[in-house]
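I opened a notebook for this one. The entries below record what I looked up, in the order I looked.

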Amino acid sequence: MLQTHNVLIRDAAEPDSEAIREMTLAAYAQYEKAMPEAVWAGFSKQLLTTLTTDTPAQRIVAEQEGALVGSVYLFPADTNAHARAALSMGCPEVRLLAVPPEMRGRGIARALMEECAVRARRAGANALGLHTTAVMRDAIRLYERMQYARAPEFDFTPPVKGVVVTAYRLDLR
């Protein structure tokens, strides 16, 4: 467990599942209007599937004053974090970083991402990866400030025409 800025970063427990689901859906709701309808339909379906299916990922949460204020999934290197992607990034991968809109700007997302990097290093990884889309501009700015670099060789195109899921990697060496 890591304590930073009055926020406790810890592993999620089973009783956290519903709060993680609600918080993640609230955090991603802003993209419904920003994405074409077909893209949102596929994205939200995949989001719900990941949130309600057992995965090999570590579920990490941020807690403040007894309430969850953020969460993220950290998939191990030997797992394809995106079932539709043609290939694995070959390193641990971050997915579903979520901070409710009213809690943003407080360093919670950065603290969760830093915890993912610490865990990836501890597991012996040389890099940490993630995928995002152009509509998630605030997240991309965070990743770039944290020194994630574009890794276009791991980009993929979902079944929806005109959408590219872009890859980023953080060098952990």
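**Entry 1: cysteines**

I started with Cys-116. Cys-116 is buried, at a relative accessible area of 0%. The model is a predicted one, so I kept in mind that side-chain atom pairs count only at pLDDT 80 or more.

I then looked for a partner. The closest cysteine sulfur to that of Cys-116 belongs to Cys-91, and it is 12 Å away. A disulfide needs the two sulfur atoms within 2.5 Å. The 12 Å gap is therefore too far for a bond. Cys-91 is in no disulfide either. Cys-91 is buried too, with a relative accessible area of 4%. I searched the whole structure and the count of disulfides came back as zero.

**Entry 2: nonpolar cores**

Next I asked which residues touch the most other members of the largest nonpolar core. They are Tyr-28, Met-113, Leu-128 and Tyr-148, in a core of 51 residues. Helix α4 gives the largest share of this core, with eight residues. I noted the general background: in soluble globular proteins, nonpolar side chains tend to be buried together.

I took Met-113 and listed its contacts, leaving aside neighbours within four places in sequence. The list holds Val-94, Leu-97, Leu-130, Leu-142, Tyr-143, Met-146 and Tyr-148.

I moved on to the second largest pocket. Its volume is about 460 Å³. I counted 22 residues in the lining. Which of them lie nearest the centre? Arg-104, Ala-109, Asp-138, Ala-139 and Leu-142 do.

Then I sorted the lining by element. α1 (17-28), β5 (93-98), α4 (108-122) and α5 (137-145) each supply at least two residues. Helix α5 gives the largest share, six residues. By residue class, the lining splits into 13 nonpolar, three polar and six charged.

**Entry 3: positive phi**

Leu-96 has a phi of about 55°. Its place is in strand β5. Leu-96 is buried, with a relative accessible area of 7%.

Glu-65 has a phi near 50° and is likewise not a glycine. Glu-65 is in the loop between β3 and β4 (67-75). Is Glu-65 buried or exposed? Glu-65 is exposed, at a relative accessible area of 82%.

**Entry 4: around α5**

I checked Thr-133, in the loop between β6 (127-132) and α5. Thr-133 is buried, with a relative accessible area of 13%. I listed what Thr-133 touches, not counting residues up to four places away in sequence. The list is Met-35, Ile-140, Val-164, Val-165 and Thr-166.

Arg-137 lies in α5 itself. Arg-137 is exposed, with a relative accessible area of 54%. I took one distance from Arg-137, to Thr-52, which is 85 residues apart from it along the chain. Their C-alpha atoms are separated by 26 Å.

Pro-56 is in the loop between α3 (37-52) and β3 (58-64). I looked for its contacts beyond four places in sequence and found Phe-75, Pro-76 and Thr-79. I also took the C-alpha distance from Pro-56 to Leu-74: 8.7 Å, for residues 18 apart in sequence.

Gly-124 is in the loop between α4 and β6. Gly-124 is exposed, with a relative accessible area of 55%. How far apart in space are Gly-124 and Arg-173, which are 49 residues apart in sequence? The C-alpha to C-alpha distance is 9.8 Å.

Notes: Residues are numbered from 1 along each chain as its sequence is written. This is a predicted model: local features need pLDDT of at least 70, side-chain atom pairs count only at pLDDT 80 or more; totals for chains, interfaces and linings use all residues. Side-chain values use heavy atoms; hydrogens and water are left out. On a 1 Å grid over the protein atoms alone, a cavity is a set of points where a 1.4 Å probe fits but cannot get out, and a pocket is an open set with protein on both sides within 12 Å along at least five of seven lines; lining residues have an atom within 4 Å of a point. Grid points are joined across faces, edges and corners, and a volume is the space filled by probe spheres set on the points. Helices (H or I, at least four residues) and strands (E, at least two) are DSSP runs, numbered from the N terminus. Ala, Val, Leu, Ile, Met, Phe, Trp, Tyr, Cys and Pro count as nonpolar, Asp, Glu, Lys and Arg as charged, and the others, Gly among them, as polar. Buried means under 20% relative accessible area, exposed over 50%, partly exposed in between (1.4 Å probe, protein chains only). A nonpolar core is a set of buried Ala, Val, Leu, Ile, Met, Phe, Trp, Tyr and Cys residues joined through side-chain atoms within 4.5 Å. Contact means heavy atoms within 4.5 Å.
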